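Try each one yourself before reading the worked solution.

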Amino acid sequence: MLRPYRFLVVVAWCAFVWVVPRPAGVELQAWRLLALFSGTILGMILQVMDTGAVVFLGLVAAILTGAMTVTAVLGGFSNSSVWLIVSAFLFSNAVVMTGLGQRVAYLFIRTFGRKTLALGYALAASELVMAPAVPANTARAGGILFPIITSIARACGSLPGQSPRRLGAFLMLNQFQATIILSAMFLTSMAANPLIAEMAEKTAGVKITWTMWAAAAGLPGLLSLMVVPWLLYRLHPPEMKESPEAAAEARRRLAEMGPMKRAEIFLAAIVSCCLLLWTTTSLHRLDPTTVAFLGLAAMLVCGVLTWQDVVRTSGAWDALLWFGGLIAMADWLARLGLTGWFARAVAARVHGEWWLILAVLSLVYFYSHYGFASMTAHVTAMYPPFLGVAVAAGAPPLLAALILAFLSNLNASITHYSTGPAPIFFGAGYVDQATWWKLGFVVSVVNLSIWCGVALPYWKLIGIW
């Protein structure tokens, strides 16, 4: 639904940038496209309409004003990263539809869930198994794990408004923060990560592969997954230290589900093969999108998904529109020379040690997410210019690209509106806003210390910088 006043703000912004005298060396077409591109990003931030609708209007405006040709607009939809994320949404749908995700979670809870802290680790571990194949963190955390956590909390007598501190508050906080960390750990664990990889290549000339992302994020990610649940357990301790009811609830649910169905077995095998192929690209040279297509073809042949299931997965086709549209606009800006002009302009003005500049940029980039309600909007608006400034200052391009990529996910830890899963877990009513923000800030400091401090020697060791 259109929000008229916010829409007028976006139109006014586009008009303002349109008439501002363009800098020397910038083509008129590039400046006009910048006006429309920045207006599109502002529309996403202000949530004028659904994200796909905002991008579509931006593309139509670009065509009508001559800022882009129809061919240029359609070129974004042929990008392999776009189709990787479409495929990943279809993988996510299969995990939910077959019940495999729920089964994995209940198996972890049944095995490790007798102690409350162990239960928190078990839930995080179950999502770790799903994260590489389920990029929609809202579907992963909100669609699979949130209903499980809610049922466990209620089974243990923890109700919002009555006994939230008994168990529910800890589980909600813990799982949300685990989801944020896991979103940073894989190229395919958050919807905008492939967009980040695409922007890194266009802005800094670095190619981030699935294996490289996972290798760089592995150590800091596992450290965060070890430290954050323990920290939340200490800072916001549950009244219930042991949770035998959780293990009993998991056993009951698994009994209801019965043995693994044919579709679950096939899906588990297909996802395992895809992960193996993604991590061995240097051997077989298959593009990650090709691997995803092979996985989808296998699902169709084995009956895990029907073609109607593919057609009905609206999130995949919504992502195709806004993701492809944004890539088309960003790519055309680069072809028109605006990105190169910006890099040269920044390089002429930035002075000082590159590591200090990168540290300041990282902090500003991270905490500016207080002003965003979407990871994608933040990435699209701020990742390319911040990466451009860091590289212009002399920072190693791959190091800068990866740090900002990881922070693009981790910065969602700070508020209750930062990303899709945030309002779901917060809306359960177990945690008040002041507590959510306070603990979110503490976790953000811990994650920054791990990912921008402890991880640096490890990244040096594996050749990131």
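A helix here is a DSSP run of H or I with at least four residues, and helices are numbered from the N terminus. Keep in mind that you're looking at a predicted model.

**Exercise 1.** Is Ser444 buried or exposed, and which residues is Ser444 in contact with once its neighbours within four places in sequence are set aside?

Solution. First, locate Ser444 in helix α23, residues 433-461. Its relative accessibility is 0%, and the cut-off for buried is under 20%, so Ser444 is buried. Now skip the neighbours within four places in sequence, and you're left with contacts to Phe366, Tyr367, Ser413 and Ile414.

**Exercise 2.** Work out how the axes of α19 and α20 run relative to each other, and then pick out the residues that make the contact.

Solution. Helix α19 spans residues 354-367 and helix α20 spans residues 375-392. Their axes come within 10 Å and cross at roughly 170°. Angles over 145 degrees count as roughly antiparallel, so that's the label for α19 and α20. On the α19 side, the contact is made by Leu358, Leu361, Val364, Tyr365 and Phe366. From α20 come His378, Val379, Met382, Tyr383, Phe386, Val389 and Ala390. Sort these residues by class and you get eleven nonpolar, one polar and no charged.

**Exercise 3.** How many cavities of 30 Å³ or more are there, and which residues line the largest cavity?

Solution. Rolling a probe the size of a water molecule over the atoms shows where empty space is left. The count is one cavity of 30 Å³ or more. The volume of the largest cavity is about 50 Å³. Its lining is made up of Leu173, Phe176, Gln177, Leu232, Trp436, Leu439, Gly440 and Val443. Now group by element: α9 (168-183) and α23 are the ones that give two or more residues to this lining. The biggest share comes from α23, with four residues. By class, the lining of the largest cavity has six nonpolar residues, two polar and no charged.

Methods. Residues numbered from 1 in each chain as written. Predicted model: local features only at pLDDT ≥ 70, side-chain atom pairs only at ≥ 80, totals over all residues. Heavy atoms only, no water. Buried < 20%, exposed > 50% of the residue type's maximum accessible area, 1.4 Å probe, protein only. Contact = heavy atoms within 4.5 Å. 1 Å grid on protein atoms, 1.4 Å probe; cavity = no way out; pocket = protein on both sides within 12 Å on 5 of 7 lines; lining within 4 Å. Points joined across faces, edges and corners; volume = space filled by probe spheres on them. Nonpolar A, V, L, I, M, F, W, Y, C, P; charged D, E, K, R; others polar. Axes fitted to C-alpha atoms, helices over the stretch in contact; angles between N-to-C directions. Parallel < 35°, antiparallel > 145°, perpendicular 65-115°, else oblique.
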